[in-house]
Amino acid sequence: MQLLLAPMEGLLDHHLRDMLTRVGGIDRCVSEFIRVTDTLLPERVFFRVMPELANGGNTPAGVPVRGQLLGSDPACLADNAARMASLGPTGVDLNFGCPAKVVNRHGGGAALLDDPALLNRIMAQVRRAVPAHLPVSAKMRLGTEDHSRAEDCALALAEGGAGEIVVHARSKRDGYRPPAYWERIAQLREVVDVPLVANGEIWTVDDALRCREASGCTNLMLGRGIVADPGLALAVRAALGEPALAPLAGPNTALDWPRLLALLQLFWAGVERHITPRHRPGRLKQWLNFLRRRFPEAEVAYQQLRTVNEPAAMRQALYSLS
């Protein structure tokens, strides 16, 4: 079994990837998307979104990261994929799953699922542009308005050369509303001969086990669920009899509040180094807002910090928590 960490624009950036992979249980990550329009991007853009390139394509904890590209022009995506590949990622991923309107109206993300032929051209050109030793994968949803073209899209990507396809088991129209239609992934597995990874609405160990059963997928991608519960990957492995090294977890792979608080403080230190001051408090409150789903102490902390908007005051308040 492999457990992947999802890319989540505006939330799961390299700071949070660092924290979550320090907890343990994650096999691989995908970066936030790098938007490609009509130009060959300078190297600094790739390093800004994916600073792990300076560490052999791995997080500080040693977990591999694939760089993700988003766009709709096959030739331009291929050129940028080749440049990314030259910088040393552990693989290249293509985004056909983002449901955001600002992305879709410019012909990117999940909007491309209306055109399986274009998906195929993009994948084929990117695969040719990337050295054979580097994997090229894709992430897709089940469609735009409905799920009727999911098989066509998955086949287009597979025939274009995708080595793996992550399927978020909802349409663009579904957004992030439950449920996720994991059983549709099982139907895709009947027609596609490349590995599929199931994604969507996995918040708990029980969700992960039900998703594996319904989708038929051994491998899962975790997103909002592991942001809310950083020990989720370890707990899933433990439930399946696959214990993993858990340097920050306690007995039975549980991540208790003192260890999580130390992680929050380490996260804040990274935010202070790399995020502009006016955005720093929001980044911490954003993560705490997810954590309060799982940790009562995080709810208390969130209520104490939610009105703090000055970085120095936020730092003082955070380090006074217990």
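In which loop is the place of Glu201? Glu201 sits in the loop between β7 (196–199) and α8 (205–215). Helices (H or I, at least four residues) and strands (E, at least two) are DSSP runs, numbered from the N terminus. This is a predicted model: local features need pLDDT of at least 70, side-chain atom pairs count only at pLDDT 80 or more, and totals for chains, interfaces and linings use all residues. Residues are numbered from 1 along each chain as its sequence is written, and side-chain values use heavy atoms, with hydrogens and water left out.

**View 1. Glu201 and its backbone.** Glu201 is not a glycine, yet has a positive phi of about 65°. Glu201 is buried, with a relative accessible area of 18%. Buried means under 20% relative accessible area, exposed over 50%, partly exposed in between (1.4 Å probe, protein chains only).

**View 2. A cis bond between two prolines.** The peptide bond from Pro178 to Pro179 is cis. Its omega is near 5°. Pro179 belongs to the loop between β6 (164–168) and α7 (182–189).

**View 3. The largest nonpolar core.** This core has 108 residues. A nonpolar core is a set of buried Ala, Val, Leu, Ile, Met, Phe, Trp, Tyr and Cys residues joined through side-chain atoms within 4.5 Å. Leu69, Phe96, Ile165 and Trp287 have the most contacts inside the largest core. Helix α11 (residues 257–274) gives the largest share of this core, eight residues. Ile165 touches residues including Ala138, Met140, Val192 and Leu196, not counting residues up to four places away in sequence. Contact means heavy atoms within 4.5 Å.

**View 4. One aromatic pair.** A search of the whole structure finds one such pair. The ring centres of Phe267 and Trp287 are 5.0 Å apart and the planes are at 70°, so the pair is edge-to-face. Rings of Phe, Tyr and Trp (its six-membered ring) pair if their centres lie within 6.5 Å; planes under 30 degrees apart count as stacked, over 60 as edge-to-face and the rest as tilted. Phe267 lies in helix α11 and Trp287 in helix α12 (residues 280–291), so the pair ties together parts 20 residues apart in sequence. Both Phe267 and Trp287 are buried.

**View 5. Arginines over rings.** Arg293 lies over the face of Trp203, 3.7 Å from the ring centre. Arg294 has its charged end over the ring of Phe295, 4.7 Å from the centre. A charge sits over a ring if NZ of Lys or CZ of Arg is within 6 Å of the ring centre and within 35 degrees of the ring normal.
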